[in-house]
Amino acid sequence: MKKSINLLNLVFFVPAVILSFVVWNDYKQDVAHIQDRLHTVEGLFYLDGGSKVISLTDSSDGMDAILYDAATHQEVTKVHLRSNIHNEFVSSYQKGNLVIATTDDSTGLQLNVIGPGGHVEELVKGTLEFDGFLSSAVHNWEGRMMVGGKTDHDTFVVGEVRDGVFQTAYLNEDAGLPTRPTSMSEVMGSFNGGRAIPLYELDLKDGSTAYASGLLSAQRKAAIRIEPEGGSAFDAEDQAERQFAALAGVDSASLWRTESNEPKQVRTYDAVKGDWGDVVKTPAPVFQATVFPLNDRETLIFGSTAKDELKGQVTGYLYDRQTRSFTDLSQPLSGLEPKDVSSGTLSFYKEIGDATLYFTDEEKSAGWLNVKGGTLTRMTGEALQTWQIAEGADRISWNSFAHYLKRGNALVINWAIWLLIPLVLFGGLAFLIRVLTGRQKKLTAEGVIAHGTVTRLQETGTYVNEQPMIRFDIRFEDEGMMKETSIKKVVSYLHAPRAGDPVLISYNRKKNRAVFVTGDDLPQTKPEVIRDAVLARIDTYGKAGRGEARLLHFDTGGQTYAIPVVQANGFTYQTGDKADLMQIGGVTRLYNYNRRGHAEGADQLTLEGEVIRIEQVPVEIVNRKLMLFELLLSHGNQRSRKVNSQFVPDRLPVAVGSIIPVSVNKEEYEKELRLLQGKQGSANVTSVQFDGTVGERPFARITVMRNGVSYRIEQSIEPVYGVEVGDDLWIAYDDQTREAVIVQYASA
């Protein structure tokens, strides 16, 4: 009887001791890495006359828009915004609200309206698609947000968000076109001041060309003009501009634009003739000026009091076309720095009838001023991050520990519950914890890591601490064959895997036994490598994205290994070449192929990869389907995204949320993490050279040009997308070392 009581106590107190250690370690990590856990500010905006602040911060699957009270620094509400890996956005102030446009790879354009009280309205959800980056399809134009793209039914559309309302016009035969459009593009200069109004060029099915106005009529229609036969394209664009400008009531002959020559003052400009007029007579001269059309009535001229902006003060004038008068904003704008004039990163917003002039900076700052008087207020993203840290929370103390406990996360709540039970047998419990932890790691190390699928689960009739022991039947692939095994485990009904769920296991071939594996159990070991296999035969299976699907047959030691791959455009597998193969998780794959000058035994990291997006490529080789995975990789406190294609057995489904082991080159991965902390932007590929493969990914040495500066990329690339001369890539780069890595491919 006494023995039964001790065992019962042991069952109750194991969680208390474990949770005590876990809570303390979690608290210390919470304090030590508090800066690392702060949200990265992607964008910053004032709202409600400066009383509210909205920050756009990155999250694991997009961005979060967090609304704060500017006086108390308290969070009012949080809105999740679906976004792709680049976290691109376009913003606009309308009717006292902030309109945020983002794009998601799977669902297309997202438009969200956020009010100062925390109210959120979604204007559009996944009905529009467009090629390229968000900034090439969504623009601000005189207080409106302009959109050009196509629906998921391949119908082209132009739209605008005006006064917080999203309106669209469909461009098809019903819109006055003789045949349907096959492509749509912006007429050069339409959104950067070169044209009086926004224009789109349409290529039609019958080979003719048409033009559409980006401004919609009261009937939600876009004006259409068919290009006359025999004329030049430039004349046709000018004629369409004059026609559409007249319909919209815009005087295309007296626009205000900044001259390209020094000292860059604002002059009148005839957009159709291309003629420059006189300098606009502001109350005092404005040099190095920029024109910001704010709305249908008001325009801001922003610049410097001196021809050399670094020697003058920031100045500006607000012009009202209805009253034909200027408002002098020199005094509040003088609070900005001279470098803000030449940075080209500031954007200004103002609504008709609102006395507040807002501005934002691409370098993550925001500000506002009252045009009727008052000083300028400005805040940076770094300053806003301090709002996320409670006083004293950045050092170990009773106060910070108390604050940690008050946050009451699930770990703290569970710990508090178990501490209510009197503490006994403490020394024995600590020993048992080490034994159980060591046993799990030993069982994991004895097997091979594989991902499988739960096919069936059944209660065994045994209960431990009122929790059932469940038998799980798991199907997985090992050494090219589908196998099944069973695992018995005590689980909670609430957290037990279900049939069809993906799981990660360690399989012991000798004992035909498996255990479940978590991300912390993943061993940091190198795969089994088979050296100097000779490529004997290549089978062709057609296109795979921009590449070609191949089945490679390697001979070594009297044995043949068949490995499906994607051959990137410009890269070639050739019979007779040698490769190193690897066996990991029961599957044979390429370790490297025809790799010249690579470091033997280069350090490999086995990381935990969470599948966050899956795209099936229409290719199948020997019952393996080609899947394109977007993975969220975790290494310590660092996380990054990677796109990787794999041939997956058709009987082994992998779902979003699956955790799979990913082997990466340590040096390449650490360089990528370092560069991702720096600047990002688009660049054009000028040269591509290949040097074998790293795994099944071709290793490329790429030269790109960005703003006249050359950068070098040395990394393995995704063969389904490939890299070719002329591609426009989105890169992360270092201006000092001229190194870069690919963030998004041209065809991604």
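How many aromatic pairs does a search of the whole structure find? The search finds 21 aromatic pairs, where rings of Phe, Tyr and Trp (its six-membered ring) pair if their centres lie within 6.5 Å. Planes under 30 degrees apart count as stacked, over 60 as edge-to-face and the rest as tilted. The model is predicted, so that local features need pLDDT of at least 70 and side-chain atom pairs count only at pLDDT 80 or more, while totals for chains, interfaces and linings use all residues. Residues are numbered from 1 along each chain as its sequence is written, and side-chain values use heavy atoms, with hydrogens and water left out.

One of the pairs is formed by tryptophan 256 and tyrosine 319. The ring centres are 4.9 Å apart and the planes stand at 45 degrees, so this pair is tilted. Tryptophan 256 lies in strand S18 (residues 255–258) and tyrosine 319 in strand S23 (residues 314–320), 63 residues apart, and the pair thus links distant parts of the chain. Strands (E, at least two residues) are DSSP runs, numbered from the N terminus. Tryptophan 256 is buried at 19% relative accessibility, and tyrosine 319 is buried at 14%; buried means under 20% relative accessible area (1.4 Å probe, protein chains only). Trp256 and Tyr319 belong to one aromatic cluster together with Tyr317 and Phe326.

Phenylalanine 571 and tyrosine 593 form an edge-to-face pair, with 6.2 Å between centres and 75 degrees between planes. Phenylalanine 571 is in the loop between strand S36 (559–567) and strand S37 (578–584), whereas tyrosine 593 is in strand S38 (residues 587–593), 22 residues apart. Both are buried, phenylalanine 571 at 6% relative accessibility and tyrosine 593 at 1%.

Methods:
Helix = DSSP H or I, 4+ residues; strand = E, 2+ residues; numbered from the N terminus. Buried < 20%, exposed > 50% of the residue type's maximum accessible area, 1.4 Å probe, protein only.
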